[in-house]
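Hi there,

Here is the model I said I would pass on. Have a look at it first, and then read on for my notes on the charged pairs and one further residue.

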Amino acid sequence: MTTTYDTADGLSANGESREERHHRLRWVVLGVLGLAQLMVVLDATIVNIALPHAQESLGFGDADRQWIVTAYSLAFGSLLLLGGRLSDLLGRKTTFIVGLVGFAVMSAIGGAAVNFDMLVVARAGQGVFGALLAPAALSLLTTTFTDPAERGKAFGIFGAIAGGGGALGLLLGGMLTEWADWRWCLYVNLVIAAIALVGAVLFIGAHKTEHRPKLDLPGVITVSIALFSIVYGFSNAETNGWADWATITWLVVGAVLLAGFVWWQSRTPHALLPLRVILDRTRGGSYLAVFIVGIGMFGIFLFLTYYLQVNLHFSPIQTGLAFLPMIGMLIVTATTSTGVLLPRFGPRWLMAGGMLIAAVGMVLLTQLTDTSTYAAHVLPALLIMGVGLGASMAPAMQGAVSGVLPEDAGVASATVNTMQQVGGSVGTALLSTIAASAAASYATSHAGQVANPAALQQLAAVHSYTTAFWVAAAVFAAGAVISALLVPNGKLPVTEGDEAPAMAH
């Protein structure tokens, strides 16, 4: 399948230039990038289903279980900006391939883990290489699709993968755990990575930039420690509460270092994250939208998963299947909104309207009781949520990388992933602690009214879920207001190089 080119005029034997070939294969490239993005997003949830089985197999305690999830999110979240800048420095194709291979190797080590420590190290390694892979994939998408209409369709598909991948992870994790073994929740990445690697080598053009930025080491160190502290602080809050000294310390250290990072970026000539990237109103509003969606989405996946399995007695596979209608609506809405509506109306009202619709879906979920059914009460909310997330997530991802300079494409893409990752960590801690407090309060206040302790516990659990849904609805509503006020009206700014060939060689 390899095509040879005459070095004199850059044409293949059939007279096709490199640029023409890459343009012809652009949808194949989208498939490769989508696979890589799916692998990264899947790993945020696919392992959750397998945790009880892994715990039984390797013999670690409940207190250690959270580290299987936290190790991945800490490494991924804290190194994303570095990964984005490395893709600008080393070339996006090179960084993408290194990320793919490294992620696959770490998945193999995790699948073969013989003890708890080996599994945690492998999960952290997945996070490290995921931080290389995710920004490279998004920046390659930006440079591959230069026609605004086609870019809208491509971002719609990519955004749907980013938004729905978590739910697919629940389904795939349930299937692999139930039908095969928990280790296949990690081994499956070898299959995905192998297909994506072949596609990357064959179809993605080698990217070379005329502007090779220097690496801002003080910025890298400062922001990596800051993001690590923030993600760890929120993870600690989930297990030990907001008043715990470690939670407060980590969050304060993270906030101070993040402020120091912003100060440094305004003064260094070789900024890791040039402030021009985030101070643009369209991009800045889009980053906030991705962050807010990351917080709110957690409420759907975690608490609705609990409700489906505990109250409706769904199996892991049935739980994953229950989310499929939402994914279907998300895909349709994401591709329609970015392909048809975004070029005409711009991102402002799409993002604001999408989050408002998502808030309505969340409000429907607050009406759940211990006697609700899936078809009558859960499914309508999921369909509405799919529309809302599709209309907000995909335009926000495209808006976040619109109008950036070529040398900033990698770090702008990394900032999207960082906001989504940190948003998920915030949502995890915030909604979990609120839900736990609501459950305890309900159990205390209704202790004399419900004689059966098991029934009281179930009622308290449902109350905790609906309380979390109310908070998530408020988060989405606030996101709608922020998007309407912050993002300017009108179409997206043109990304530099859109009229030029997609790849430089």
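Let me begin within a single helix: D88 and R85 both sit in helix α4 (residues 62–90), and because they are 3 residues apart there, about one helical turn separates them. Please keep in mind that this is a predicted model. The side chains of D88 and R85 meet in a salt bridge, with 3.0 Å from N to O. Are these two buried or exposed? D88 has a relative accessibility of 2%, so it counts as buried, the limit being under 20%. R85 is buried as well, with a relative accessible area of 2%.

A second pair brings in another part of the chain. R276 and D408 form a salt bridge in which the closest N and O atoms are 2.9 Å apart. This pair links distant parts of the chain: R276 belongs to helix α11 (residues 275–279), while D408 lies in the loop between α16 (374–400) and α17 (409–445), 132 residues apart. The two partners differ in their surroundings. With a relative accessible area of 44%, R276 is partly exposed, because that value falls between the 20% and 50% limits. D408, in contrast, is buried, at a relative accessible area of 2%.

Elsewhere, E150 forms a salt bridge with R26, and here the closest N and O atoms are 2.7 Å apart.

T305 is found in helix α12 (residues 281–311). Its relative accessible area is 9%, so T305 is buried, the limit being under 20%. Which residues does T305 touch, leaving aside its neighbours within four places in sequence? T305 is in contact with L170, I300, T319 and F323.

Happy browsing, and do write back with any questions.

Best wishes

Note on methods:
Residues are numbered from 1 along each chain as its sequence is written. This is a predicted model: local features need pLDDT of at least 70, side-chain atom pairs count only at pLDDT 80 or more; totals for chains, interfaces and linings use all residues. Side-chain values use heavy atoms; hydrogens and water are left out. A salt bridge is a side-chain nitrogen of Lys or Arg within 4 Å of a carboxyl oxygen of Asp or Glu. Helices (H or I, at least four residues) and strands (E, at least two) are DSSP runs, numbered from the N terminus. Buried means under 20% relative accessible area, exposed over 50%, partly exposed in between (1.4 Å probe, protein chains only). Contact means heavy atoms within 4.5 Å.
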